[in-house]
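The sequence and structure are pasted below, and my notes follow.

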Amino acid sequence: MGLAERGVLRGKVAIVTGAATGIGRASAVLFAQAGARVALADVRAPELAQAVAAVRAAGGEAASITADLARPEDCAAVVEAGVRAFGRLDVLLNNAGVGTMVVGGTVESIALEHWDLAQDVNVRAMYLVARAAVPHMRGGAGGAIVNIASVSAFRGSVERPSHAYAASKGAVLSLTRAMAASYGRDGIRVNAICPGTIRTRLTADIVEAAERAAKEGRGIPLGRVGEPEDIARCALFLASDDAAFVSGATLVADGGATAATT
Ligand SMILES: NC(=O)c1ccc[n+]([C@@H]2O[C@H](COP(=O)([O-])OP(=O)(O)OC[C@H]3O[C@@H](n4cnc5c(N)ncnc54)[C@H](O)[C@@H]3O)[C@@H](O)[C@H]2O)c1
């Protein structure tokens, strides 16, 4: 029986950032299927409404929070709205991100505003959302924070460089470990997931070529690109009490790609 069928988040409240599409949406649906009440936050209102509808269609309770996490004031507001909606907070999935299609390039080619956008959305928002979330978790039954990083934290790309993205995701891993060290005594676990190539809007420019290459035995040993649900299941494990002794960890979910290239 899967974790969701076992209801491993029954009675818990989760906030998922970047929940309108892709990994965030799949995670919000799976968390709801696992019994959580879920607050979904995103900057793109129409897609967010569709994701909220998907959670409700799956039998879940959902709150919708439109927020631009590049704006500091919106980060704290997400947590306030989530706690206001459901009265507590147990799980935070820090997932919102901008990727190579928006913030690609080398240190020579990237515009300063795009460099800043990568850091602001991919890392600074994690700091600001967590700053607002931790006091709610500390006061209750503890909590679980799951930060979405990337295999880009470990390696560059010759064909598709994104130095700003890589730097932001490396920072996510360091922040994850530092927070795990600080908040263990409060019963708050903090972990990171490094997805490889996952079929979402972020990879629309490369996913078909990556899938072809994987089927021909190149790039991804497991022979396919990942689906958002592959990462959602990792997030659910780390959010659940099944991961009760796991904190400060980095879970690489890339079909074996990183192992094959090192
Ligand atoms: N798809 C991949 O191959 C892959 C690989 C490694 C890591 N990731 C990471 O996974 C996470 C989710 O990305 P995805 O692949 O599901 O792509 P996605 O584009 O479907 O999801 C990202 C979400 O973040 C939201 N977002 C972006 N900027 C925002 C802002 N300023 N405020 C609020 N929300 C904002 C988007 O609207 C979107 O809903 C990201 O952190 C990404 O870096 C993805």
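In which hand of crossing does H1 pass H2? I found that H1 passes H2 in a right-handed crossing, where right-handed has the near helix turned clockwise from the far one by less than a right angle, and left-handed anticlockwise.

Before going on I noted that this is a predicted model, in which local features need pLDDT of at least 70 and side-chain atom pairs count only at pLDDT 80 or more, while totals for chains, interfaces and linings use all residues. Residues are numbered from 1 along each chain as its sequence is written.

H1 and H2. I looked up the geometry of H1 with helix H2 (residues 45-57) and found that their axes come within 9 Å and cross at roughly 25°; axes are lines fitted to C-alpha atoms, for helices over the stretch in contact, and angles run from 0 to 180 degrees between N-to-C directions. H1 and H2 are therefore roughly parallel to each other (under 35 degrees; over 145 is roughly antiparallel, 65 to 115 roughly perpendicular, the rest oblique). Arg25, Ala28, Val29 and Ala32 of H1 make the contact with Ala51, Ala54 and Val55 of H2, a contact being C-beta atoms, placed from the backbone, within 7 Å.

H1 and H8. I then turned to helix H1 (residues 22-33) against helix H8 (residues 228-239), whose axes lie 8 Å apart at an angle of about 50°. That angle makes H1 oblique to H8, and the crossing of the two is right-handed. On the H1 side the contact includes Gly22, Ile23 and Arg25, while on the H8 side Pro228, Glu229 and Ile231 are among the residues involved.

I checked helix H5 (residues 112-138) by length: its 27 residues should span 39 Å at 1.5 Å a residue, and the end C-alpha atoms are 37 Å apart, which agrees (the expected span is 1.5 Å times one less than the number of residues).

Key: Helices (H or I, at least four residues) and strands (E, at least two) are DSSP runs, numbered from the N terminus. Two residues are in contact if their C-beta atoms, placed from the backbone, lie within 7 Å.
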